[in-house]
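Work through these exercises with the structure in view. Try each task before reading its solution.

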Amino acid sequence: MQDYGSESERMEALYKKIYIESAKIIRNEVDKLKPDVNCRACTIPCDIQKPDIFSVFPPKCPYNNWQIKVISYLTNDYKSKLRVSKKSIMEKKKDYSCNKCGNCCKLAVSEFNPMQLKQRALRGDKYAKEFSAIYVPYESEEMAEAICPDFYNKLKELMNPNERLYFYYCSKLGADDLCSDYENRPDICKDFPLTALKILPDCCGYQPWHESVEKLAMSIKAREDLIAFYKNKIG
Ligand code: SF4
Ligand code: SF4
């Protein structure tokens with residue numbers, strides 16, 4: 001069985017590097033929006049020595065407007081650029097196809113248990129609704145591992161170790177490893193994999209696509225995480 005420990009370390013190190021680079025790029029964009037304010041001439045009571053985007057500025061300080069501009073820029077213009085990049089990644093997916101190995105039907109993973117998925121489906125979550133309609137929970141992790149040992153091992157190694165995982169199989173997979181209801185399969189099957197960072201079985205026909213766009217997909221994720229961070233701090 002393949003050891004995915006080094007793969008996990010590689011991905012972690014790569015994401016860390018990309019996150020640091022992305023943080024510098026975003027910081028540069030933030031600094032470009034900084035207004036030219038003469039603090040020495042300001043009469044508003046204030047203890048700030050070196051104004052920073054994360055400073056808590058007093059009311060009427062012109063730097064408040066900087067924070068508003070930054071949030072507006074990051075959540076509108078910058079996010080639009082990320083959407084274009086995401087679209088280009090999904091366009092590239094069209095160059096690859098499913099080779100009908102059946103692994104994604106035999107083993108699907110979720111951070112939610114069946115009850116949580118049903119609740120989410122009732123609240124209108126389309127993914128949870130489609131997932132709950134076809135996937136059945138394995139009675140035990142041992143059974144999931146026995147059916148797809150390599151993919152199970154890869155998921156366990158590469159997914160967040162602090163997260164509880166629930167394993168499922170599709171009730172519609174035939175004995176020939178093909179979908180028994182192909183014409184009526186839901187969108188989550190038609191569009192699989194839904195994101196470029198999805199962990200795939202090594203034999204999946206989309207694995208080369210995943211590898212070719214991994215850095216760009218990580219860079220988009222890092223920037224989205226950073227935007228959420230800025231929004232949380234100053235939004
Ligand atoms: S794992 Fe990939 S190649 Fe295998 S059935 Fe699913 S989409 Fe197709
Ligand atoms: S509905 Fe068909 S394609 Fe979708 S997971 Fe089940 S067997 Fe696979």
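**Exercise 1. Find the handedness with which α4 passes α5, then describe their packing.**

Step 1. α4 passes α5 in a left-handed crossing. A crossing is left-handed if the near helix is turned anticlockwise from the far one by less than a right angle, and right-handed if clockwise. Helices are DSSP runs (H or I, at least four residues), strands are runs of E with at least two, and both are numbered from the N terminus.

Step 2. This is a predicted model: local features need pLDDT of at least 70, side-chain atom pairs count only at pLDDT 80 or more, and totals for chains, interfaces and linings use all residues. Residues are numbered from 1 along each chain as its sequence is written, while chains are lettered from A and ligands numbered from 1 in the order in which they are written.

Step 3. α4 covers residues 114-122 and α5 covers residues 126-134; they pack at about 130°, with axes 7 Å apart. Axes are lines fitted to C-alpha atoms, for helices over the stretch in contact, and angles run from 0 to 180 degrees between N-to-C directions.

Step 4. That angle makes α4 oblique to α5. Angles under 35 degrees count as roughly parallel, over 145 as roughly antiparallel, 65 to 115 as roughly perpendicular and the rest as oblique.

Step 5. From α4, Leu-117, Lys-118, Arg-120 and Ala-121 make the contact; from α5, Ala-128, Lys-129, Phe-131 and Ser-132 do. Contact means C-beta atoms, placed from the backbone, within 7 Å.

Step 6. By class, this contact has 4 nonpolar, 1 polar and 3 charged residues. Ala, Val, Leu, Ile, Met, Phe, Trp, Tyr, Cys and Pro count as nonpolar, Asp, Glu, Lys and Arg as charged, and the others, Gly among them, as polar.

**Exercise 2. Describe how α1 meets α9.**

Step 1. The axes of α1 (residues 5-32) and α9 (residues 207-234) come within 9 Å and cross at roughly 55°. α1 is therefore oblique to α9.

Step 2. α1 passes α9 in a right-handed crossing.

Step 3. The α1 side includes Leu-14, Tyr-15 and Ile-18, and the α9 side includes Lys-215, Met-218 and Arg-223. By class, the contact has 9 nonpolar, 2 polar and 2 charged residues.

**Exercise 3. Is Lys-154 buried or exposed?**

Step 1. Lys-154 sits in helix α7 (residues 149-158).

Step 2. Lys-154 is buried, because 21 other C-beta atoms lie within 10 Å. Buried means 20 or more such atoms, exposed 12 or fewer, and partly exposed in between, with C-beta atoms placed from the backbone.

Step 3. Leaving aside neighbours within four places in sequence, Lys-154 is in contact with Tyr-4 and Ile-199.

Definitions and conventions: Two residues are in contact if their C-beta atoms, placed from the backbone, lie within 7 Å.
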